[in-house]
Amino acid sequence: MISTTTTADDAPDASTSASDSSSVAAAPRPQVGASGGTDRYLPEHPTPVIECENVDIYYGAFRAVHDVSLVYGRHEITAMIGPSGCGKSTVLRSLNRMNDLIPGARVTGKISYHGQDMYGSGVDPIEVRRRIGMVFQKPNPFPKSIYDNIAYGPRVTGMKVDSMDDLVEEALRAAALWDEVKDKLKQSAYGLSGGQQQRLCIARTIAVRPEVILMDEPCSALDPIATARIEDLMEDLRKDFTIIIVTHNMQQAARVADRTAFFTAQAAEGTGDRTGQLVEFDLTSKIFSNPADRRTEDYISGRFG
Ligand SMILES: Nc1ncnc2c1ncn2[C@@H]1O[C@H](COP(=O)(O)OP(=O)(O)OP(=O)(O)O)[C@@H](O)[C@H]1O
Ligand SMILES: [Mg+2]
């Protein structure tokens, strides 16, 4: 349940989940080709971790997103793509109640986390954000040491931790940064390169042991080499986490995502307001090779957007 107290040992653990027997993690993963991010076995339907049902999102009177229904699968990477302004970030922020922090933002419809209404009364948004962490477009380390960037979350959330040193090392290893920083943990995070800073932010997110990691264009400020490292890292992280990524880079979606959701924005008659909508959601290989909707095809082939 979302509102339970945080402990150090409630990390996502493939061996303890009730839904394990039907999960992707339990399924075989043969290599079946290299037609994108889906070169492994995937069931037709994802095992839901987060589910949107008929979701509309408003900023004041402006409806930014209309009627989104979408399932984000456990231990999968789901990409959300589409032209600028179609509501990708808006939807992403609604998945851990980050939109609550924007005055006037409002969500209707239902967003559930393991079947529980995330916006229901009694649900603690802070706990939602601990379980569903977020990595932003621009690396945003705190003005603290590398060590304290990682230790900060566990400290402020009151996590029970046997050894903070061990936890810091574990998070930095999981984010593929340990070897580069192990001798300068007390130095400022600002001394790291952009790509290192973004991996630090991923480590910081991992440190509070979330189940889901949301990423909003996490590589858009990085060079191709740093981008490739983050993409490799995402592939590793999928074993332990569920990842939802917004990206403008279609090659990136094709490379890393198991499933892809394509959004577009439609101008309303009369007002001309552009409201985002989900056009198509399917296996990434299908979206990029044989999309069902003409608008998806136009976008991925570069004719639109
Ligand atoms: N804080 C806000 N207040 C008011 N309107 C907003 C806010 N954030 C986004 N919007 C509006 O909501 C719509 C969707 O924006 P959003 O940022 O979600 O799009 P996006 O698909 O992420 O675009 P991009 O690819 O450029 O990042 C846009 O019309 C935008 O102007
Ligand atoms: Mg955005």
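The model is a predicted one. Its largest nonpolar core has 76 residues, and twelve named residues, from Tyr-59 to Gly-276, are taken up below with ligand 1.

**Helix H3**

- H3 spans residues 146–156, and its buried residues are Ile-146, Asn-149, Ile-150, Ala-151, Gly-153 and Pro-154.
- An α-helix has 3.6 residues a turn, so residues three or four places apart point the same way.
- After H3 comes Gly-158, which has a positive phi, near 70 degrees.

**Nonpolar core**

- Within the largest nonpolar core, the residues with the most contacts are Ala-171, Ala-203, Leu-214 and Ile-243.
- Leaving aside residues up to four places away in sequence, Ala-171 touches Ile-150, Ala-203, Ile-206 and Ala-207.
- One of these partners, Ile-150, is also listed among the buried residues of H3.
- In soluble globular proteins, nonpolar side chains tend to be buried together.

- S7 runs over residues 212–216 and is mostly covered, with five of its five residues buried.
- Val-212, Leu-214 and Asp-216 point one way from S7, while Ile-213 and Met-215 point the other way.
- Both sets are buried, the charged Asp-216 included.
- On one pairing, S7 joins strand S6 (residues 132–135) in the parallel sense over four bridges, and Val-135 stands opposite Met-215 in S7.
- S7 also pairs with strand S8 (residues 242–246), in the parallel sense and over five bridges.
- In that pairing Leu-214 stands opposite Ile-244 in S8; Leu-214 is also one of the residues with the most contacts inside the largest nonpolar core.
- Helix H7 (residues 224–237) forms a right-handed β-α-β unit together with S7 and S8.

**Shell around ligand 1**

- The residues surrounding ligand 1 are Tyr-59, Ala-64, Ser-84, Gly-85, Cys-86, Gly-87, Lys-88, Ser-89, Thr-90, Ile-102, Arg-274 and Gly-276.
- At least two residues of this shell come from each of helix H1 (88–94) and strand S10 (274–283).
- The element that gives the most is H1, with three residues.
- Sorted by class, the shell has four nonpolar, six polar and two charged residues.

Terms used:
Residues are numbered from 1 along each chain as its sequence is written. Chains are lettered from A and ligands numbered from 1 in the order in which they are written. This is a predicted model: local features need pLDDT of at least 70, side-chain atom pairs count only at pLDDT 80 or more; totals for chains, interfaces and linings use all residues. A residue is buried if 20 or more other C-beta atoms lie within 10 Å of its own, exposed if 12 or fewer, and partly exposed in between; C-beta atoms are placed from the backbone. A residue is near a molecule or strand if its C-beta atom, placed from the backbone, lies within 6 Å of it. A nonpolar core is a set of buried Ala, Val, Leu, Ile, Met, Phe, Trp, Tyr and Cys residues joined through C-beta atoms within 7 Å. Two residues are in contact if their C-beta atoms, placed from the backbone, lie within 7 Å. Two strands pair if DSSP finds at least two bridges between them. A crossover is right-handed if, with the strands pointing away from the viewer, the path from the first strand over the helix to the second runs clockwise.
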